Amino acid sequence: MPSLLGIDNGLTVTKAVIFDADGTQLSVARRRVPQSMPHARWVERDMAGLWQATADAIKEAIALCGRPADDIRAVAATAHGDGLYLLDKDRRPLGPGILSLDSRAGEIVEKWSADQVFDEALARTGQTPHVSAPSALLAWLKQNDPDRYARIGHILACKDWLRFCLTGTIGTDRTEASTSFTDFRTQAYAPEAMQVFGLGELFDALPPVAHSADIVGQVTADAAEMTGLRKGTPVACGLHDVTASALGMGGHEEDVLSVVAGTYSINEVVSSKPRVDRRWFCRNAIDAGSWNNMAISPASTANYDWFLDTFCRSEQDRTNADGGSIHELLAAEIDAALKKPSTILFHPYLFGSPYGDVASGSFVGLHGWHDRGDMLKAVLEGIVFNHRTHVEALREGFTVREIRLTGGGSRNPAFVQMFADVLNAPVTITSTDEAAAFGAALCAGAAVGIFATPQQGARQVGMTARQYQPVPASSAVFSERFSLYCRIAEQLKSQWPEIERLARPDTRGTA
């Protein structure tokens, strides 16, 4: 049976996953990719180092697979969306890649929100810009690094850089093209869209657009040597990781709401007609004539990871040393906390929020008799509440017949049940562990004719699913708590700028 390679590059880890054509995962290899934060709000990484780490992961995945590289029929990549990976006019990296956690453009976006740019962007592109959008980052470069800006030859996303390293070809797909500069009506690049942000001179630097399942090149000799892949292996265009995750769990279908509980809170639904609202991005789906409506914020399980790093460091070190799981170790604490009432509410805005980057995280209702388990339960609840904020917006705009969940949190049954109870709706999880990588592999399979389309491939492989039903009594409790959570956030909204100013020197030079 032929196999397929899906590459999934996240914000901290790059993965290579090999699948059988029937969807069975054969092997996975991971490499951490160091981030650089040379200044406050800057989050970058070395582009050459990213490619080397990815190549190493591919080589290890092939070795672990137990099959020759010749069995891999096709390759495709997905990676974190938004951010910025630039090449100069000689097709060389133009500085480090900028990650979607970067917020250096905050002041620019704040200024845009106060004038007509937000309204013009929404009317033209179907979305308002955020701090790590290509539009905002390019505007920041134009204003703060005009030298680098003037040398821009090609504007790429992360997965497009990996495709270039594999094939030597430059381009992107429909889902990635729509992050800033497409007209939502035509779903194609529009010069007017770039002019909204004062970037019209860069229109020719935008990459050509192909379908996610189009073959866009073959593995070069250099890439084959680095990765262990066979030279000439077809490479498909790939797709934005938000879409890849939905596709990989069978959720890139009309009226299915896909929830990804990862670093970002990702909530998305496909529609056959565009509908524009400030609460979501109206972006391109995989196919022409379909739209992917995404309500997102960087406020999901990154908060859980922060809690573990901050309050559970010794336990993490111990479980890492003995091969155990920190999640299993803490399960009893969380379970005990779930069984008792609590006054603690947590707003998971440590790295961003639906209110923008000025918001900050907070524990409210914390008392001296609470323990770590109570706080951890509140963190998990706050994460799900933030997802509910986005899900409610999408439910108002679109028909939803099913909710599917993936991401690291979906492996914890108690956490999935919390989603069902908080959303007061059945929640389905699938057997796919690496949903984003599998989404990329489905595009690779469709590119070489194994599947008719990526979506048909997701239906064809017959992934198993489990559905969690809401418990009415729990849903009622969570609904009351969610209402209070929202009211407190609204009250804090006017205070967040004041809190932010506490960390800035005032005009007299005092901190």
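Visitor: In which sense do β1 and β2 pair?

Guide: Welcome! Please keep in mind that this is a predicted model. Strand β1, residues 3-9, and strand β2, residues 13-20, pair in the antiparallel sense.

Visitor: What makes β1 and β2 count as paired strands?

Guide: Pairing asks for at least two bridges between two strands. β1 and β2 have 7 bridges, so they qualify as a pair. As an example, Leu5 stands opposite Ile18 in β2. With 3 residues between them, β1 and β2 form a hairpin.

Visitor: Which strand runs parallel to β1?

Guide: That is β5, residues 72-79, which is joined to β1 by 7 bridges. Here Leu4 has Ala74 of β5 as its bridge partner.

Visitor: Why is β1 called mostly covered?

Guide: A residue is buried when its relative accessible area is under 20%. In β1, 7 of its 7 residues are buried, so the strand is described as mostly covered. Ser3, Leu5, Ile7 and Asn9 point one way from β1, while Leu4, Gly6 and Asp8 point the other way. Residues on both of these sides are buried.

Visitor: Which residues make the contact between α1 and α6?

Guide: From α1 come Met47, Ala48, Leu50, Trp51 and Thr54. From α6 come Cys158, Trp161, Leu162, Cys165 and Leu166. By class, this contact has 9 nonpolar residues, 1 polar residue and no charged ones.

Visitor: How do you know whether Phe478 is buried or exposed?

Guide: We compare its value with the cut-off. Phe478 has a relative accessible area of 10%, and buried means under 20%, so Phe478 is buried. Phe478 is found in helix α18, residues 472-493.

Visitor: What does Phe478 touch, leaving out residues up to four places away in sequence?

Guide: Phe478 touches Glu381, Phe385, Met418, Asp421 and Val422. There is also Leu423 to look at: Phe478 and Leu423 are 55 residues apart in sequence, and their C-alpha atoms are 8.9 Å apart in space.

Notes: Residues are numbered from 1 along each chain as its sequence is written. This is a predicted model: local features need pLDDT of at least 70, side-chain atom pairs count only at pLDDT 80 or more; totals for chains, interfaces and linings use all residues. Side-chain values use heavy atoms; hydrogens and water are left out. Contact means heavy atoms within 4.5 Å. Helices (H or I, at least four residues) and strands (E, at least two) are DSSP runs, numbered from the N terminus. Ala, Val, Leu, Ile, Met, Phe, Trp, Tyr, Cys and Pro count as nonpolar, Asp, Glu, Lys and Arg as charged, and the others, Gly among them, as polar. Buried means under 20% relative accessible area, exposed over 50%, partly exposed in between (1.4 Å probe, protein chains only).
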